[in-house]
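Dear colleague,

I am handing over the structure we spoke about, and I would be grateful if you could look through it alongside the notes that follow. Please keep it open as you read.

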Amino acid sequence: MSDSKAKSPQPQSPVLPRYLYRAEQVRELDRLFIEEHKVAGIVLMKRAGRAAFELLNTLFPHGSITILCGAGNNAGDGFVVGALAAMARRDVQILTVSPAKLLTGDARRAYLYAKQEGVNILPYETGAASHLPDGCVIVDALVGTGLSGELRANMQDVINEVNATGLPVLALDVPSGLCANTGRTLGEAIKAYATITFIGCKMGLLTGRAPALVGQLYFDGLGAPRALYRALMPAAWNIDFNALKRHLPLKEADAHKGQSGHVLVVGGDLGMGGAAIMTAESAASAGSGCVSLATQLDHVTAALVRKPEVMAHGVDAASQLEPLLKRPSVIAVGPGMGQSSWSEQLMQQVLKTDKPLVVDADGLNLLADKLAAYAKRGHWVLTPHPGEAARLLHTNTAVVQQNRFEAVSELQRLYGGVVVLKGAGTLICDGERTVVAKVGNPGLATPGSGDVLTGIIASLIGQGLGLFEAAQLGVYVHGQAGDKLADTQGQFGMAASELAPVVRKLLN
């Protein structure tokens with residue numbers, strides 16, 4: 001791949017709306033916009049094309065443009081982009097994957113608009129993408145949000161050819177082949193440099209495979225009035241850090257440590273002490289007044305050396321844990337816990353308490369297997385990654401990732417409390433709302449990262465935040481800490497133990 005193909009300017013991070021919708025909800029918003037607010041469909045299509053063209057000019061002010069169009073309204077947006085590019089004297093061509101005779105309605109009008117402006121419109125021929133010149137940008141207007149099943153083979157072939165070029169792609173509304181509701185791929189999917197979506201932000205653009213395919217995500221409401229959005233309840237919500245910050249308690253001048261909560265971390269079987277130690281350390285860095293650790297005796301010295309502020313206790317049996325359960329305001333259980341008889345006994349003892357819990361790692365695996373009788377509780381936060389979620393749902397990871405929204409809702413229904421389904425586009429569900437956290441980067445996929453998150457969430461609960469708010473804020477600052485580390489030091493080699501000091505800065 002040549003340098004001119006590999007390099008393109010980095011866009012600024014856009015602000016996305018709070019409300020997220022399913023594709024069919026956005027189509028309903030589109031209908032209401034046209035019928036109740038008396039805006040013609042072709043007008044909305046031209047607004048979408050204008051927004052896309054302006055973004056295209058910002059990101060790629062130079063070079064040729066090739067627009068790939070299918071047969072629906074998504075193609076109509078592409079034809080408008082082509083017309084505007086021709087009017088601006090950009091070097092532009094449109095390649096159609098479907099015959100022009102199949103175009104109807106507004107898409108047909110947009111096609112005629114592009115023809116009127118003298119755009120060169122040609123049928124796409126096999127291998128055409130591989131002959132595009134260096135410096136070309138591709139606009140993906142192949143398939144929109146109406147896709148319900150897997151793409152046809154010929155469309156998948158086109159997508160594979162586009163992805164193989166390495167040229168930057170601007171996707172209109174959704175990268176072709178990506179499910180706008182779930183974030184899964186429907187066969188092959190376009191790997192975009194940037195995506196601009198319209199009217200309503202589609203929930204599937206933020207989780208699952210989407211973060212790897214969407215690129216930088218932009219939104220344009222096309223002038224929709226606020227009243228339009230009152231007609232539909234959002235399917236999910238974007239995380240709102242500014243609102244969450246208001247839940248953090250202010251420390252009064254006469255504050256003492258007892259007012260900032262006491263976190264007890266239970267975990268760290270033989271050979272796995274580091275996980276529990278990192279959980280305790282992150283709880284302290286997130287503002288807990290007191291942090292205790294119940295772990296194997298072999299790990300106590302390491303804990304004291306690493307974080308002397310943590311009250312570390314060696315625990316050989318459940319009977320030794322019982323008195324330690326009386327003092328804390330919240331218990332974080334599972335990091336490095338293992339699934340031995342020692343682990344099972346301690347987990348059983350913890351589950352007998354009425355304290356709020358944050359359950360992670362082998363605590364979740366024990367719930368899924370040996371301790372299923374304890375598996376529903378209102379006052380806890382469960383933090384599974386997709387593999388742990390699959391065990392809790394008695395399925396496999398692929399099924400979980402096919403529809404993460406459905407999986408997190410089912411986990412919450414079965415187990416109660418608040419569920420944090422980790423991964424790209426982490427989901428937080430309390431049974432009434434599902435929030436998506438568009439933070440973090442692949443560098444966070446490192447051992448111990450989840451243990452740090454567990455400590456942060458437990459600390460925030462101990463400081464008085466509700467479970468749902470603590471889970472959201474914990475996920476956000478954890479992801480932001482990873483992003484800040486990536487900005488300064490890069491993603492490769494990121495260590496979980498580096499996160500806690502950054503979390504402290506963010507919370508301050």
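Strand S2, which covers residues 65–69, and strand S3, which covers residues 92–96, pair in the parallel sense over five bridges, and within this pairing Thr66 has Gln93 of S3 as its bridge partner. Please bear in mind that this is a predicted model.

These two strands belong to an open sheet of seven strands, which runs in the order S4-S3-S2-S5-S6-S7-S9 with parallel pairing. At its edges are strand S4 (120–123) and strand S9 (216–220), each of which pairs on one side only, and from one strand to the next the twist averages 20°.

There is also an open sheet of 12 strands, in which the pairing is mixed and the order is S8-S1-S10-S19-S18-S17-S16-S15-S14-S11-S12-S13. Its edges are held by strand S8 (201–202) and strand S13 (311–314), and because each has a single partner strand, one side of each is left without a neighbour in the sheet. Further inside that order, strand S16 (residues 380–382) and strand S17 (residues 418–421) pair in the parallel sense over two bridges, with Val419 in S17 as the bridge partner of Leu382.

Helix H19 (residues 467–489) packs on this sheet, where it touches S16, S17, strand S18 (426–429) and strand S19 (434–437), and the direction of H19 makes about 170° with that of S18. H19 also packs with helix H20 (residues 499–507), at an angle of about 115° and with their axes 9 Å apart, and the crossing in which H19 passes H20 is right-handed. On the H19 side the residues that meet H20 include Leu473, Val477, His478 and Lys484, while those in H20 include Leu499, Val502 and Leu506. By class, the residues of this contact divide into nine nonpolar, three polar and one charged.

Conventions: Residues are numbered from 1 along each chain as its sequence is written. This is a predicted model: local features need pLDDT of at least 70, side-chain atom pairs count only at pLDDT 80 or more; totals for chains, interfaces and linings use all residues. Side-chain values use heavy atoms; hydrogens and water are left out. Two strands pair if DSSP finds at least two bridges between them. Helices (H or I, at least four residues) and strands (E, at least two) are DSSP runs, numbered from the N terminus. Axes are lines fitted to C-alpha atoms, for helices over the stretch in contact, and angles run from 0 to 180 degrees between N-to-C directions. Contact means heavy atoms within 4.5 Å. A crossing is left-handed if the near helix is turned anticlockwise from the far one by less than a right angle, and right-handed if clockwise. Ala, Val, Leu, Ile, Met, Phe, Trp, Tyr, Cys and Pro count as nonpolar, Asp, Glu, Lys and Arg as charged, and the others, Gly among them, as polar.
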